[in-house]
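Have a viewer open while you read.

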Amino acid sequence: MDPNKVLNALEATMNPNLRKEAEAQLDQMHKIAGFSPLLIQLIMSDEVQMAIRQSGAIYLKNMCVQSWHERSDKDGTPVTDVFSIHENDRSVIRTNIVKAIIHAPDIIRSQLTVIIHNIIKHDFPERWPNVVDDINIHLQDESPRSWMGALMALYQLVKTYEFKKPEARTPVISAMKHLLPVMLGMFRNLMEDNSASSALLQKQLLKILYALVQYSLPMELFNEKILDEWVHIMRVIIETPPPPETSEVDELERCELPWWKSKKWAVHFLARVFERYGSPGSVSKEYNEFSEFFLKRYTVSILQVLLKIFDAYRNKEYVSPRVLQQALHFLDQAVSHAHTWKVMKGAYHDLLKDIIFPLMCFTDEDKETWEDDPHEYIRMKFDIFEDFLSPSSAAQHLLHSAASKRKQVLQKTMGFCYSVLTDTTTSPESSRKKDGALHIIGSLADTLLKKKMYKDQLELMLRTHVIPELSSEVGFMRARASWVIQHFSEAKFKKKENIINVVEALKHLLLNDGELPVRVEAAMAIQAFLSEQELAEKHCVQYVRPIMQALLQLVHETENDDLTTIVQKVICLYCEQVIPYAVEITQNLVMVGSCTKEGSATGDAGDNDDKAVTAMGILSTIETVLDMMEEEREITLQLESIVAPLVAHVLKTTNMDYYEEIFSLMYSLTCQAISPHMWEALPLIAEVFEDDAFDYFTDMMPVLHNFCTIDTPTLLSNSKYLEIIFAMCKQILEKETGEDPECHAAKLLEVIILQCRGQIDQCIPLFVEATLARLTREVKTSELRTMCLQVVIAALYYNPSLLIQTLESMRFPNTSETISEQFFRQWINDVDCFLGIHDRRMCVLGLCTLMDLPHRPPCIEELSNRFIPSLIVLFQGLVRAYKASDSSDSSSEDEEEDFETAELASDEDEIDEESTEYLEMLQKKLVTQEKGSDTSSVYSDEETDLENDEDDDASDDEFGDEGETMLEAFPTSMEAESSSVDEFVAFKQVHSSLLARDPQWYNVLMTGLSDEQRKSLEEIYVLADQRHAAAESKKIEKTGGYRFENASVPSSFSFAT
């Protein structure tokens, strides 16, 4: 292959006019053997222009990600029509990739690390065991230049196994047995050098170590001696000050210096090990011994080092935000243990006064962002990811842990806050201090609301120190006061005027304040306050419209997802008052949603996710309005005309971000009736399904269910509608989509069969064939197996002779049995796998239909001795399921009681028993699932089926198999109130009629029953009569009266003879 041709093509990709032709040329060349080795050779060449090398690295990265491994189908047969890099070429790349990373400049190295990660993922250790030796050789090279590249390669090796279960990490553990001592030796040498290059290498070593232990601690790698040395290294890194010249760097950029990066990773490592493996009482049992060892041996010395960091921060020395945040996180964990709390206890007041409090005050950075970019200020304050990285949030967590868990800490903290709030000094600095004190008090709201000592004084505190600040001249104090009101919205108020004053002040801020962050905090606070204070809710009835308009305007201005939730809650709170404005509100929501959605499609990548989340929230809010107007048909039609164009637009533009919300919206629009506009949307759903929404079938299911059940005459009036729905279900059942969507597809077919009884004879063979064909492939769960069987049972109930004719005409390969024999045998074998109410009912009615047939297939006669025992199992399950369902309906949620959590003395540890038990339960569950993951084909031998059923039963017992199943959320015509079919009564009628009509068949069915089974049958008869009498009574009640006659219900039957 001509290198110049490849170079020219790569160079041309950088020219917009030549790019398309050049990429086509590269796509032709990349399949030729030798192309990828040539590419890596060009990338490594210093004679090639840097831009071309970079272009080549990107092309090679994409090529390796897409085409490195050979693909195979589900049977393991290689797929030959998809290109993969030739094995000889892969061997060349494996041989050279570590060396390429070592010698490459940073701009190219980042692409090469993606390549090596992909290679390791597919080839290590089987095809590339010597990558460990390659890395090891370069780590022990005398040239420091080799070290960084080798460490980056090692980092990718460890990252590949970072999230795997412990038993799957054996290859990386074996590798680290050789490489961890080498890393330790490197650290010893590097710590003598405080240069930037040394700090960079230290940072990379620490990142590798952190990835190694983040989710699983390999005990075989860390004996006492090794751990002693690593912890010592971490302490030295944290303690060692960076070079003096770093103080000349701007503080905003200083945190990016390698010395501070190293410190961050050192504290991060220690905090992670302490949190996950070193905290007795909150670790899984395999770490119990280690946690005791770690706590007693290391934590005090680590705390002493971290307290020096805080001391430096208190003395106005620079400490990077991430180091501060991780150090606070370590202290948060230390609060729970007496061993560490004894060290912290004496320092707590200083920590509160000089560290926690300043971090929770309004800062210069806050002021600058508030004034220059209030939208960014709001984004930062409500960004959950910012919370994970923020020293202020870490300080808040530490404060809450100490105040809620340790004796006298809350009193000392509140005393400190009181001294700040009662300071009469008036200055910008005093306002910031009051902000910090209120921030602390609000952070402790849940604890203060439970403490008898404080909760009776909260009204006085709010009236004295918070309500006045709602009218403060300082914007951030108005915002802080609103935030505090939000957190204390549950407080008990004795004076009505205080409630009115609060809600009036919040309303004024929401409607009139000139500062955007204040209006946002007021919106959050007023919703919480209205929800908790009934008097406030009633007071604001007359202001619903301006409040809603202000909230919608805020959503439009800020595109904040939390505000869309606020809008939803206010709508639910004032359902009746919103009705006159529902159309106006929906128009506003659609307008804002359209703007936000368009913005997410065209805006900067950094903002797109936030805009998309907000747009989803707006769509969800529109759905809330529709649900609230469910009984107002005229208004619903108006709302539909507003929303329908938005639905059509999303479906036509195939914007996957909004599919879940749009399908949910369509469900709300079709719950009562289906307009011609919505029927027009059904073909659009089908188009979207074909294009890119194949994975969203379960999200489509509710609206598809509505199309089948709400307006069945229209469904049947146009054969295209039924064809569309069946085609989607069939595709789901035919392709590898996962068993959950397949269960949903089968359920939808069952719903159609039962809903359209007697009207779709031509569809029955198609439905039956599609579901039985799915059963010829591997089925992993009993849920899918029974759901497919249930479609056929529904067809049997629909028309027995049509089903039997269909089964007799079908043939599947590789079996001598007829489809009828296979189906009926599988059905009887799986009777105990039918769960819930509907599934068992269908099973009972199906068996009754079979028993009542005048001309039965021969296989039915062969299974006759299992009919009655199977029915008894089903009826016993139904009794339990009905009981569970009734219990669920009648039970009301217990009110959450406020209880005062016990504080820990200085010599007591916090033991999180629930968390520990939960972790152990998850581990057991994982092991159980792994052991039970092997499955057989549905038409496998009976013994295997029984084994699988036993596993299913064990799982069912654990999770509860009574009451409704998940798919019973999609009711059929059998659940309609007008349905007069009672399975107990139907069975008794069929069974008792056989005695007179076909005594020989009756005797065959009863042959072999045990005394216990006969007794169970008698109980079913009694229950059938009781249910029949109850149903008759209900009918009489509906007609307006009762007739009292001496009609007695038998209390016993006898099948003894």
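Met176 and Trp827 touch the most other members of the largest nonpolar core, which has 340 residues. A nonpolar core here is a set of buried Ala, Val, Leu, Ile, Met, Phe, Trp, Tyr and Cys residues joined through side-chain atoms within 4.5 Å. Buried means under 20% relative accessible area, exposed means over 50%, and partly exposed is in between, with a 1.4 Å probe and protein chains only. Pick Trp827 and look around: setting aside neighbours within four places in sequence, Trp827 is in contact (heavy atoms within 4.5 Å) with Leu789, Ile793, Leu796, Phe834, Cys843, Gly846, Leu847 and Leu850.

Before going on, a word on where this comes from. The model is predicted, so local features need pLDDT of at least 70 and side-chain atom pairs count only at pLDDT 80 or more, while totals for chains, interfaces and linings use all residues. Residues are numbered from 1 along each chain as its sequence is written, and side-chain values use heavy atoms, with hydrogens and water left out.

Zooming out, the protein has 54 helices and 0 strands, taken as DSSP runs numbered from the N terminus (helices are H or I, at least four residues; strands are E, at least two). Of its 1057 residues, 51% count as buried. Among contacts with a separation of 6 or more, 75% join residues 24 or more positions apart.

How much confidence does the predictor have? pLDDT is its confidence in each residue, from 0 to 100; the average is 88, and 89% of the residues score at least 70. Two stretches deserve a look. Over residues 892–897 pLDDT stays under 50, and the model has 0 contacts there beyond four places in sequence. Residues 926–960 also stay under 50, but for these the model has 46 such contacts.

Now for the cavities. On a 1 Å grid over the protein atoms alone, a cavity is a set of points where a 1.4 Å probe fits but cannot get out, and lining residues have an atom within 4 Å of a point. The whole structure holds 3 cavities of 30 Å³ or more. The largest cavity has a volume of about 70 Å³, where volume is the space filled by probe spheres set on the points, joined across faces, edges and corners. Helix 35 (605–628), helix 36 (633–652) and helix 37 (659–669) each give at least two residues to its lining.

Last stop: Ser864, in the loop between helix 48 (858–862) and helix 49 (867–890). Why does Ser864 count as buried? Because its relative accessible area is 6%. Beyond four places in sequence, Ser864 touches Trp1001, Val1004 and Leu1005.

Technical notes:
pLDDT = per-residue confidence, 0-100. 1 Å grid on protein atoms, 1.4 Å probe; cavity = no way out; pocket = protein on both sides within 12 Å on 5 of 7 lines; lining within 4 Å.
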